[in-house]
Amino acid sequence: MHDTAADEYSGHDSKAQYFWVWGALLVLTAIEVVLVYKQIFSPVRMLEVLLVLSIIKSALIIAYFMHLKFERAIMRWMLVISVSACFVIMYFFFFPDAGRVLRLGVH
Amino acid sequence: MADATLQHDAVGHETHGEFEAPLFGAYSKKVGMWLFLASDSLTFGALLVAFCYVRSYTDWPTPFHVQSIINSTIMTGCLLSSSLTMVMGVFAAQRGDRAWTRNWLLATMAFGTAFIVLHGMEWTKLIGEGLTLPIFPKPATPTDVEMVNISKNTPQFAATFFGLTAMHMLHVTVGVMYLGVIAFRKWFLPVIGVLWLAGYLLIPSDNVFHWGIHVLLVGLIVASTILFLKSKDYDAQDVEVAGLYWHFVDLVWMFIFPLVYLLSTKIT
């Protein structure tokens, strides 16, 4: 049991890269806070920028801390595609449909 | 495994496919945890989409002062640092270093506990100022008229804020207990019990956490049942699987922090 797990980790892990990822996540967080206080973007553009930064941060966490980058390709793609598809459905189908109720009865 | 195959052949059973390699190339506990996390991500995803929907069709307040933003930024730092210590804990478990596995898990739990305490203080401050829900105990004299007005005129704000952050805080609390059981097994149970009792007795009854602390009691019952049914020495795989859960909790906060806090910042 230990051997199998140890084998999975061997060869592609140096501790330094995890410290780099941690540093990058802290820097991205600081950038988010500064952007909000500087008010560089309009509210909608700010939402987009913050979401992009959040997606980059979550990708770093999933790939390195959760180790998905080093898993077998089928597991990687199955998880990423299935969860992403669900979010796409939520955002592009449910969200506009939910907005439809506000226009009911308005001509 | 070879012996088992031979025995099956001897009795004429079909052995084809019985011991084939797992599809995902990972042990079942890890695949199970990934599937759970995929489903849990949809729970949070649905909550966040609902939050964005409510927000986009409402005149949304921006009440968070710099103190709240500093507090939530420190909380973010705590969670990010806890992920790093968790990775170090998994490394220590992989090389069979039990002492350092416990130390790193303890550090992770400390960061997680710091997050919960800071978040609890933030909640208490906001409720004291007047941002509250009907089910919460009423603050004696709300200290901030703006928060009182938000609770009255835009109840969706308090509902989504407390709903989302409570769900996340629950996950962090469960995560700390999970790591404690992995690191200390049955020796961690009295710690949960003492924390629950101390919290219940010491937190004033008009504070929402006087009731929220019962999560620890539920956790104690669940952890005791698991340890009673399957008392085992947790190995490197268990540490890695617990780590997956912990990193997920960190990941979710990466969306809650900007959407709930940063986009509701009061700029003066």
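This is a short walk through a predicted two-chain model, from each chain to the contact between them.

Some ground rules. Residues count from 1 along each chain as its sequence is written, and chains are lettered from A and ligands numbered from 1 in the order in which they are written. Because the model is predicted, local features need pLDDT of at least 70 and side-chain atom pairs count only at pLDDT 80 or more, while totals for chains, interfaces and linings use all residues.

Chain A to begin. It has four helices and zero strands. Helices here are DSSP runs of H or I, at least four residues long, strands are runs of E, at least two, and both are numbered from the N terminus. The order from the N terminus is α-α-α-α. Chain A has 107 residues, and 19% of them count as buried. Buried means 20 or more other C-beta atoms within 10 Å of the residue's own; exposed means 12 or fewer; partly exposed lies in between; the C-beta atoms are placed from the backbone.

Now chain B. It has 10 helices and zero strands. Of its 268 residues, 35% are buried. Its C-alpha atoms fill a box of roughly 80 × 40 × 30 Å along the principal axes. Take the contacts in chain B with a separation of 6 or more: 73% of them join residues 24 or more positions apart. A contact means C-beta atoms, placed from the backbone, within 7 Å.

Where do the chains meet? On chain A, 41 residues are in contact with 40 residues of chain B. The elements of chain A that give two or more residues to this side are α1 (2–9), α2 (15–38), α3 (43–65) and α4 (73–100). The largest share, 12 residues, comes from α4(A). By type, this side of chain A has 29 nonpolar, seven polar and five charged residues. Nonpolar covers Ala, Val, Leu, Ile, Met, Phe, Trp, Tyr, Cys and Pro; charged covers Asp, Glu, Lys and Arg; the others, Gly among them, are polar.

α2(A) packs against α3(B), residues 66–94, at about 170°, with the axes 11 Å apart. Axes are lines fitted to C-alpha atoms, for helices over the stretch in contact, and angles run from 0 to 180 degrees between N-to-C directions. That makes the pair roughly antiparallel, the term for angles over 145 degrees. On the α2(A) side, the residues include Tyr18(A), Trp22(A) and Leu26(A); on the α3(B) side, they include Leu80(B), Leu84(B) and Phe91(B). This contact divides into 10 nonpolar, four polar and one charged residue.

Next, the core. A nonpolar core is a set of buried Ala, Val, Leu, Ile, Met, Phe, Trp, Tyr and Cys residues joined through C-beta atoms within 7 Å. The largest has 76 residues, and Leu179(B), Ile182(B) and Ile256(B) touch the most other members. Helix α10(B), residues 236–261, gives the largest share, 18 residues. Of its 26 residues, 24 are buried, so α10(B) is largely enclosed by the rest of the structure. Leaving aside neighbours within four places in sequence, Leu179(B) contacts Leu105(B), Thr108(B), Met109(B), Ala242(B) and Trp246(B).

Last, a contrast. Is Ser39(B) buried or exposed? Ser39(B) sits in α2(B), residues 28–56. It is exposed, with 11 other C-beta atoms within 10 Å. Its C-alpha atom is 28 Å from that of Trp104(B), 65 residues away along the chain.

How values were computed
Two residues are in contact if their C-beta atoms, placed from the backbone, lie within 7 Å. Angles under 35 degrees count as roughly parallel, over 145 as roughly antiparallel, 65 to 115 as roughly perpendicular and the rest as oblique.
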